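The sequence and the model come first.

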Amino acid sequence: MSSSSTTFSIATFNVNGIRAAFRRGMGEWLTSAAPDVLLLQEVRATDEILQGFLGEGWHLAHEESAAKGRAGVAIASRIPFDGVRLGVGDPATRADGEVGRWVEADIMASHADGGAGTPLTVISTYIHSGTVGTPSMEEKYAFLDKVTARMGELAAQGRAAVVGGDVNIAHTERDIKNWKGNRKSAGFLPEERAYLDQWTAEHGWVDLGRQFAGDVDGPYTWWSWRGKAFDNDSGWRIDYQFASPALAGRATEAMVDRAPAYDQRISDHAPLRVTYS
């Protein structure tokens, strides 16, 4: 981003496998959307493969999953990094299932007047869906505890920060089409939704997708590949950009890049793009 820019954009996108996404047209989307910072989830590839798909001009922070072909999160930025951190919480307590689910990077967003710029922390996260009544749900809650503590730290420090990604939780009834039928399903459990309450109400993070959409159903960011879920817009809003209190006021627009038709989908998720001043 040049010093003459007055805005910058951040896109978050669960690509459901970077190879498959580029086969389905992600390259064209990337050229058209032209984000300054790209937060990726479920990359499912090595550093070399990811860099090869993105091409030149991107600074990359990426952590693969401990399990091959699973998860993996990355930050790709047109702006150089001032620092990169992998994982959240105490490294000594980090479980294998948490690897490839959280990456942080610090960048310097230049001022339009050529000034020194504003330090910005960007985070890409992928929180797994979990299955009710299995250890995977306890693992999800343990990871959410660490994420919540880190978000509290960042807010308390007054940092300008964005936490973006697929958290696999629909926050309210507005965020899931069939909320009545999913009240006991992972992704819409009261215990899960309470974490998002804590992020917003207690720590002051702002859900920019909801702020700009208003009090409406959706806009959803995930639809099953099966049946007519996409055609009927029977989806879930589980991909977010949460802005810290120090940054939220700089957001000027948020939009979901929903594919125009089922056969033009890049992933089972749609990207969420936010523009900041």
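In this predicted model, Asp 175 and Arg 237 are joined through their side chains by a salt bridge, with N and O 2.6 Å apart. Asp 175 sits in the loop between β8 and α5, while Arg 237 sits in the loop between α6 and β10 (239-243), so the contact ties together parts 62 residues apart in sequence.

**Burial of the pair**
- Asp 175 has a relative accessibility of 1% and therefore counts as buried, the cut-off being under 20%.
- Arg 237, with a relative accessible area of 3%, is buried as well.

**Arg 237 and Asp 207**
- Arg 237 also forms a salt bridge with Asp 207, and the closest N and O atoms of this pair are 2.6 Å apart.
- Asp 207 belongs to strand β9 (residues 206-207) and Arg 237 to the loop between α6 and β10, so this bridge ties together parts 30 residues apart in sequence.
- Both Arg 237 and Asp 207 are buried.

**Asp 175 and Arg 210**
- Asp 175 has a salt bridge with Arg 210 too, where the closest N and O atoms lie 2.6 Å apart.
- This pair links distant parts of the chain, 35 residues apart: Arg 210 is in helix α6 (residues 208-213), and Asp 175 is in the loop between β8 (161-166) and α5 (190-202).
- Arg 210 and Asp 175 are both buried.

**Salt bridges elsewhere and in total**
- A network of salt bridges links Arg 85, Glu 104, Asp 106, Arg 150, Glu 153 and Arg 159.
- The structure contains 17 salt bridges.

Terms used:
Residues are numbered from 1 along each chain as its sequence is written. This is a predicted model: local features need pLDDT of at least 70, side-chain atom pairs count only at pLDDT 80 or more; totals for chains, interfaces and linings use all residues. Side-chain values use heavy atoms; hydrogens and water are left out. A salt bridge is a side-chain nitrogen of Lys or Arg within 4 Å of a carboxyl oxygen of Asp or Glu. Helices (H or I, at least four residues) and strands (E, at least two) are DSSP runs, numbered from the N terminus. Buried means under 20% relative accessible area, exposed over 50%, partly exposed in between (1.4 Å probe, protein chains only).
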